[in-house]
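This report describes a protein model. The sequence and the structure come first.

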Amino acid sequence: GILTGVLRIQQWGGRFNGKYYKVYDDVCVHCNKCVKNCPVSNISVKDGKFTFGKRCLMCMRCAFECPKNAIKIGFFEKLNVNG
């Protein structure tokens with residue numbers, strides 16, 4: 001019961017922090033690996049601009065799969081998850 005409650009914080013945190021994800025356009029090579037690897041289809045691209053929705057699970061697959069480390073992961077920007 002306690003563990004379930006603690007893990008639910010990640011779902012709320014993902015919805016909150018996910019809004020602050022950002023792609024550094026000057027580094028991004030538009031391979032779209034982040035879009036393809038998001039398990040909840042939270043990332044969309046329109047006219048070359050990336051948008052992150054409110055369904056984020058904070059799995060960080062988008063950042064893990066980015067070959068150029070071009071994704072700022074919200075409040076965890078200083079956390080280098082890609083190498």
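## Basis of the model

This is a predicted model, in which local features need pLDDT of at least 70, side-chain atom pairs count only at pLDDT 80 or more, and totals for chains, interfaces and linings use all residues. Residues are numbered from 1 along each chain as its sequence is written, and side-chain values use heavy atoms, with hydrogens and water left out.

## Fold

The protein has 3 helices and 4 strands, arranged along the sequence as α-β-α-β-β-α-β. Helices (H or I, at least four residues) and strands (E, at least two) are DSSP runs, numbered from the N terminus.

Of the 83 residues in the protein, 29% are buried. Buried stands for under 20% relative accessible area, exposed for over 50%, and partly exposed for values in between (1.4 Å probe, protein chains only). A contact is defined by heavy atoms within 4.5 Å. Among contacts between residues at least 6 apart in sequence, 54% join residues at least 24 apart.

## Nonpolar core

The largest nonpolar core contains 17 residues. Such a core is a set of buried Ala, Val, Leu, Ile, Met, Phe, Trp, Tyr and Cys residues joined through side-chain atoms within 4.5 Å. Y21, I43, F50, F52, C62 and I71 have the most contacts inside the largest core. At least two residues of this core come from each of β1, β3, α3 and β4.

Setting aside neighbours within four places in sequence, Y21 touches F52, C56, M58, M60, C62, I71, K72, I73 and G74.

## Cavities

There are 2 cavities of 30 Å³ or more in the structure. On a 1 Å grid over the protein atoms alone, a cavity is a set of points where a 1.4 Å probe fits but cannot get out, and its lining residues have an atom within 4 Å of a point. Grid points are joined across faces, edges and corners, and a volume is the space filled by probe spheres set on the points.

The largest cavity has a volume of about 100 Å³. Its lining consists of 14 residues, and C38, C56, L57, C59 and C62 lie nearest the centre. By class, this lining has 12 nonpolar, 1 polar and 1 charged residues. Here Ala, Val, Leu, Ile, Met, Phe, Trp, Tyr, Cys and Pro count as nonpolar, Asp, Glu, Lys and Arg as charged, and the others, Gly among them, as polar. The second largest cavity holds about 60 Å³ of space.

## Salt bridge

The structure has 1 salt bridge, a term for a side-chain nitrogen of Lys or Arg within 4 Å of a carboxyl oxygen of Asp or Glu. The partners are K49 and D25, with the closest N and O atoms 3.4 Å apart. This pair links distant parts of the chain: K49 belongs to strand β3 (residues 49-52), while D25 sits in the loop between β1 (21-23) and α2 (33-37), 24 residues apart. D25 is partly exposed, at a relative accessible area of 40%.

## Positive phi angles

M58, in the loop between β3 and α3 (61-65), has a phi near 60°, a positive value in a residue other than glycine. M58 is buried, with a relative accessible area of 15%.

N69 lies in the loop between α3 and β4 (71-73). The phi of N69 is near 55°, again positive in a residue other than glycine. N69 is partly exposed, at 34% relative accessibility.

Definitions and conventions. On a 1 Å grid over the protein atoms alone, a cavity is a set of points where a 1.4 Å probe fits but cannot get out, and a pocket is an open set with protein on both sides within 12 Å along at least five of seven lines; lining residues have an atom within 4 Å of a point.
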